Amino acid sequence: MMHRGLMLLVCASLVSTTAFAQAPAGKVTVVTSYSKDVTDPVKKAFEAATSGVKLEVQNRNTNAGVKYVEETKANNQVDLFWASAPDAFEVLKGKGLLQKYAPRATGIPEKIGQFPINDPAGFYFGFAASGYGIMWNERYAKANKLPDPREWQDLAKAAYYDHVSIAAPSRSGTTHLTIEAVLQGEGWAKGWSTIKAMAGNFRNVTERSFGVPEAVNSGQVGYGIVIDFFAFSAQASGFPVKFIYPTVTTIVPANVGIVANAPNKAAAEAFIEFLLSPAGQQILFEPSIRRLPVNPDVYAKAPPDYPNPFKDPRLNSMLKFDVAKSEARNDVVDVLFDQLISFQLDPLKAATKAIHEAEAALGKKDSAQGRALVAQARELIAAMPVDEATASAAETTGAFTGSKQKGARQAELEQQWAAFAKDRYAQAKSKAEEAVKLAK
Amino acid sequence: MSIALSTGRAARGLSATPGQIALALLVAAFLGVFLIWPSATVIFVAFTEKGGGPFTLVNFVDFFRTDLFLRSFWNSLYVSAMAVAGASILALPLAYITSRFEFRGTILIQTLGFLPLIMPPFVGAVAMQLFFGRNGSVNLLLDDWLGFKIPFMDGLNGVIFVQSIHYFPFILINLSAALRNIDSSMEEAAQNLGASGFRLFRRIVFPLAMPGYIAGASLVFVKVFDDLATPLLLNVKDMLAPQAYLRVTSIGIADPMGYVISVVLIVASVAAMALSALATRGIDYSTVQRGGGGLARRTLRPLESFAAYLTVTLILLLVLAPHLGLLLLSFSTVWSYSPLPDGFTVAHYLRVFGESSVYIKNTLIYASLAGLIDVVVGTAIAYLVLRTKLVGRNALDWIASAALAIPGIVLGIGYLRAFYGLQWWDGTPLASLWIVIVLALAIRRLPYALRACHAALQQISVSLEEAAENLGATKLRTVRRIVMPLMMGGILAGFVTSFATAAVELSATLMLVQSNSDAPLAYGLYVLMQSAAGRGPGAALGVIAVVLVAACTILSHFVVERSRAGSQARH
């Protein structure tokens with residue numbers, strides 16, 4: 001086996017060094033976070049359309065993939081990087097690990113919703129679009145007699161306590177964008193208030209994106225905050241799940257880019273052209289994939305009831321997403337979420353539960369003093385250790401980039417923020433408990 | 001007199017043969033190149049200032065100033081200790097009943113009892129949730145009939161529950177091997193002196209089997225302390241290993257704390273191993289006589305027999321529930337919020353059938369090579385530690401054990417850093433050869449084999465080797481003809497543990513797999529388990545992995561029983 005593998009590698013490297021600038025041929029290697037259900041149909045169609053090229057799929061999660069490309073750059077063997085999260089591509093681009101290319105494919109507009117489909121600098125290209133929303137298990141909702149949610153705020157209601165799940169934004173690029181979309185749509189203070197009110201109802205915060213749809217599919221958790229195709233492909237596989245896009249969300253492209261010093265550049269370009277061609281775009285309709293093509297024309301061949309971001313007014317009027325702003329405070333938002341929510345989930349849930357109980361008690365026997373206490377408790381939960389300007393300031397962001405400039409170390413900031421949250425949540429809990437006593 | 005004594009000691013101190021010294025150097029070189037160097041390329045960050053400055057310990061000060069890390073540390077300690085207790089409760093009855101009594105299906109029970117160790121990544125977790133989760137089969141039925149639920153899988157208690165089930169085979173295997181090695185003459189002597197029943201077990205049998213129990217228990221402790229998969233699957237993040245993992249693998253965070261935690265994990269694991277060595281130090285567990293075929297097996301009276309079967313069945317049902325869940329999942333169409341799947345199908349097996357043969361072949365090659373390397377290196381280290389007085393022999397033991405504490409992802413990145421720059425003659429990076437995966441697996445599973453070999457050698461009296469040497473045998477010949485055959489049970493236990501766990505290892509492999517044709521089963525599983533449609537096929541592949549490893553385990557049991565019977569016949 002070793003010999004055959006070696007021979008293949010030898011052949012591949014010979015072919016790739018002699019055949020550049022001619023018709024694409026040989027082995028083209030792609031590092032991707034996509035599952036076999038996505039890569040297999042694409043691989044099959046691509047190899048059929050481009051004779052002589054073999055697509056080698058290396059499956060790694062997005063973070064591991066970025067680390068891999070970075071660690072192996074001295075002797076790079078990878079041609080393409082193919083994943084959802086635009087921020088992973090920003091990281092690769094920032095480290096000089098991608099190369100420019102100008103796709104020849106036609107019929108793809110410049111923007112989807114408010115988001116540019118391709119990297120304006122030309123380092124990576126959107127091939128599919130995805131929006132974020134709420135997915136739920138119908139059997140679970142029926143058994144627990146829960147109403148269908150419409151907006152993010154709905155998930156903060158008492159009925160959903162302990163029924164909601166999310167992936168940590170520090171672990172899932174797609175969730176990070178959801179959080180950032182809420183922050184940009186509602187503003188820093190109001191956005192965090194919404195997010196933390198929802199977070200008080202979280203059952204858990206998972207460490208990988210697919211953990212959330214998996215838990216909703218199997219009915220361990222009722223509601224998940226997910227990217228749309230997780231729900232669509234689960235529906236296509238027969239799971240009893242539903243999905244909606246809330247008003248404040250954003251549509252962002254999933255991307256592909258050529259790695260710097262790609263050993264087989266010609267074939268890498270051919271792969272991108274194929275993905276962007278009408279044939280490549282239509283593969284996205286496959287039941288196991290279910291993503292939104294970026295070429296508006298191919299929606300003519302879409303299955304019935306397929307969401308069309310170019311036609312659907314709800315999807316089209318989504319907020320303008322500021323990529324630069326998001327990029328500047330990327331790490332800060334992730335760490336804030338982890339320190340205030342993921343690692344403080346128990347105190348946060350205890351405080352939220354107390355508030356829900358206080359409100360239920362006040363519903364039976366109202367008192368102005370009780371209402372004031374609950375309002376104070378909510379404010380305490382919503383309080384942020386840093387304001388919007390500080391979050392993007394160089395002295396804060398510098399703590400997370402490992403830069404040499406003076407300033408606090410990451411661990412110091414984290415401890416400060418965690419202590420801040422823990423203290424506020426405890427106060428909120430006692431205020432809410434006071435309100436319960438008043439209402440009795 | 002005293003002079004003579006001290007020179008005698010000095011002479012013994014230097015009495016290592018050139019062969020032994022060469023062996024020690026070889027082992028040290030192996031550990032240096034494949035464990036220390038790659039890990040050091042990653043972990044050194046823990047000792048540098050922000051932005052890669054000079055040497056500093058400030059990061060460790062930060063560690064002890066952060067509530068989250070301190071809480072994680074105590075949680076890890078608590079969960080590990082409780083998991084050892086839980087695992088002992090599951091393992092002791094099984095080991096005792098199958099080794100002490102004439103019991104049908106001993107091999108079957110020992111194989112089944114071994115299965116929990118082989119829990120394929122991801123699918124195992126899903127199956128476990130579907131059975132024991134908040135809305136798993138058990139809780140849905142409980143809720144239906146009795147109106148309450150049991151939070152099996154919630155918080156720290158959930159971690160203890162799952163870890164006890166997952167790792168109790170470590171104790172079972174090592175304890176069973178130790179029980180089989182006890183000579184029946186010891187027991188007969190005790191019986192002649194009037195001991196019987198539980199007293200006999202407590203005072204004679206269990207103390208003699210102590211090295212095996214300690215080997216297993218220390219493995220469980222350290223493994224639980226360092227395990228990140230189970231806490232993460234239960235969404236418990238305030239433990240040390242998950243904290244290290246979350247930090248090391250997040251993008252854009254050049255954070256030294258992940259590596260600081262790795263160092264803390266390594267120190268704590270080595271300390272636990274050293275403590276367990278201390279517990280058995282100064283006590284001689286070896287018995288001279290061999291070949292008695294282990295403990296005398298008693299036949300059970302009908303009522304006893306019933307009780308024994310009941311106990312064994314209940315324990316096996318509990319520990320195999322995840323595998324039953326996996327089996328159901330692999331045949332199910334949709335399984336969501338219901339005690340049983342909606343329907344059944346064989347489609348998942350058909351889908352993975354064609355593509356799994358390459359995964360199976362790779363897994364068998366990688367895991368058995370890794371297991372072989374492990375028992376060779378493990379036996380060598382055990383021999384050096386227990387039979388020579390070489391300076392620094394304990395360090396070899398501890399370094400090898402520290403491999404348990406190095407997160408797989410750290411080792412994976414370390415291998416890329418250390419070996420990717422080195423090129424084959426045609427420019428192929430050294431790190432892209434599949435043998436690198438084997439080496440990474442071998443390093444990660446070495447502690448298992450090492451503990452088993454160590455315990456086995458501890459039970460053999462030196463006087464047997466001295467006798468052989470007095471009769472003119474060379475050291476090498478003694479090892480080959482006396483030590484190895486007597487250690488065989490322990491070596492096999494080590495091989496099987498390393499082999500089986502290597503067969504389902506993912507974290508380091510995921511970093512090192514370069515192409516689908518070189519990928520093992522665990523990678524194939526990972527690739528499938530990222531989508532809704534892949535769940536069934538993933539479960540089917542998981543079942544294939546479990547069956548495969550179980551078959552290999554039974555086979556090796558048979559081989560050993562055969563050779564044991566053969567050697568007894570020769571006597």
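Reader: Hi! How many Å separate the centres of domain 1 and domain 2 of chain A?
Author: Hello! In this predicted model, the centres of domain 1 of chain A and domain 2 of chain A are 33 Å apart, taken over C-alpha atoms.

Reader: Thanks! And which residues belong to each domain?
Author: The domain assignment of chain A puts 2-130 + 253-316 in domain 1 and 131-250 + 324-438 in domain 2.

Reader: How many residues are in contact between the two?
Author: On the domain 1 side of chain A there are 17 residues, and they are in contact with 15 residues of domain 2 of chain A. Helices α4 (86-94) and α12 (313-316) of chain A each supply at least two residues of that domain 1 side. The most comes from α4(A), with 3 residues.

Reader: Nice. What classes do the residues on that domain 1 side divide into?
Author: There are 6 nonpolar, 6 polar and 5 charged residues on the side of domain 1 of chain A that touches domain 2 of chain A.

Reader: New topic: where in chain A does pLDDT stay under 50?
Author: That happens over residues 1-21 of chain A. Chain A as a whole averages a pLDDT of 88, and 92% of the residues score at least 70.

Reader: Okay, over to chain B. At what angle do α8 and α20 pack?
Author: At about 165 degrees, with the axes of α8(B) (residues 155-181) and α20(B) (residues 475-503) 9 Å apart. Angles over 145 degrees count as roughly antiparallel, so α8(B) and α20(B) are roughly antiparallel to each other.

Reader: Is the crossing left-handed or right-handed?
Author: Right-handed, as α8(B) passes α20(B).

Reader: Which residues meet there?
Author: From α8(B), B:I173, B:N174, B:A177, B:R180 and B:N181 meet B:G489, B:G490, B:A493 and B:T497 of α20(B). By class, that contact has 3 nonpolar, 5 polar and 1 charged residues.

Terms used
Residues are numbered from 1 along each chain as its sequence is written. Chains are lettered from A and ligands numbered from 1 in the order in which they are written. This is a predicted model: local features need pLDDT of at least 70, side-chain atom pairs count only at pLDDT 80 or more; totals for chains, interfaces and linings use all residues. Domain bounds come from an automatic or database domain assignment. Two residues are in contact if their C-beta atoms, placed from the backbone, lie within 7 Å. Helices (H or I, at least four residues) and strands (E, at least two) are DSSP runs, numbered from the N terminus. Ala, Val, Leu, Ile, Met, Phe, Trp, Tyr, Cys and Pro count as nonpolar, Asp, Glu, Lys and Arg as charged, and the others, Gly among them, as polar. pLDDT is the predictor's confidence in each residue, from 0 to 100. Axes are lines fitted to C-alpha atoms, for helices over the stretch in contact, and angles run from 0 to 180 degrees between N-to-C directions. Angles under 35 degrees count as roughly parallel, over 145 as roughly antiparallel, 65 to 115 as roughly perpendicular and the rest as oblique. A crossing is left-handed if the near helix is turned anticlockwise from the far one by less than a right angle, and right-handed if clockwise.
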